[in-house]
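Dear colleague,

Please find below the structure I promised to pass on. My notes on it come after the display.

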Amino acid sequence: MIEGTIVNLRAREMDDLERNYRWVNDREVTRFIAMRYQMSLLAEEDWMRERTKRPLSFELAAFAIETKDGRHIGNCVLRGASPEDRSADLGIVIGEKDCWGKGYGADAVRTLVRFGFDEMNLERVELHVYDFNARAIASYRKCGFIEEGRLRQHEYAEGAYHDSVVMAVLRDEWEAMR
């Protein structure tokens, strides 16, 4: 378990299946994560079984996010890490809507980035976020991420094309914040 201030990160388990299935089929939850198609319970179970049977690794460090009292509220991941470039892509979802806007996501991001720099020896953590997700962009900025650019009309969502904002934090920037 990786301890944050108000959340802990742990390996995902098959016991998380029902919550994950509910989240991936809730349009309000998936609105910002480029997931547009519904998922059957069997498909979600197969997806989770495939990922939970393998140990976490440098290439895919995927975690469940839990509150300090052990409630599973979301998931986060560092994926696509390159040993040559020491860079990884961050993804996060807080699936429990009653936990939105309470700092759980920001603490999970800070905890995951700390893990990436301190344990994986990364040099850079980046992410892409829809340009209309102002709340997430503000949260990422508070966590030390800097907007590096935009991929114009990169994502199609809600009947229109949107820019994908590229943000990243470098190890020395992270260390300066600590």
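The findings are set out below by region.

This is a predicted model, in which local features need pLDDT of at least 70 and side-chain atom pairs count only at pLDDT 80 or more, while totals for chains, interfaces and linings use all residues. Residues are numbered from 1 along each chain as its sequence is written, and side-chain values use heavy atoms, with hydrogens and water left out.

Helices (H or I, at least four residues) and strands (E, at least two) are DSSP runs, numbered from the N terminus. Helix α1 spans residues 17–24, and its residues Leu-17, Asn-20, Trp-23 and Val-24 are buried (under 20% relative accessible area; exposed is over 50%, partly exposed in between; 1.4 Å probe, protein chains only). These four lie on the same side of α1, because they cover an arc of only 130° around the axis, taken from the directions from the helix axis to the C-beta atoms. The buried residues of α1 pack against α2 (27–30), α3 (41–52) and β4 (72–82).

Leu-170 belongs to strand β8 (residues 160–170) and is partly exposed, at a relative accessible area of 28%. Leaving aside neighbours within four places in sequence, Leu-170 is in contact with Phe-117, Glu-123 and Arg-124, contact being heavy atoms within 4.5 Å.

Two loop residues also deserve mention. Asn-121, in the loop between α4 (104–118) and β6 (124–130), has a positive phi of about 60° although it is not a glycine. Glu-158, in the loop between β7 (146–157) and β8, is likewise not a glycine, yet has a positive phi of about 55°.

With kind regards
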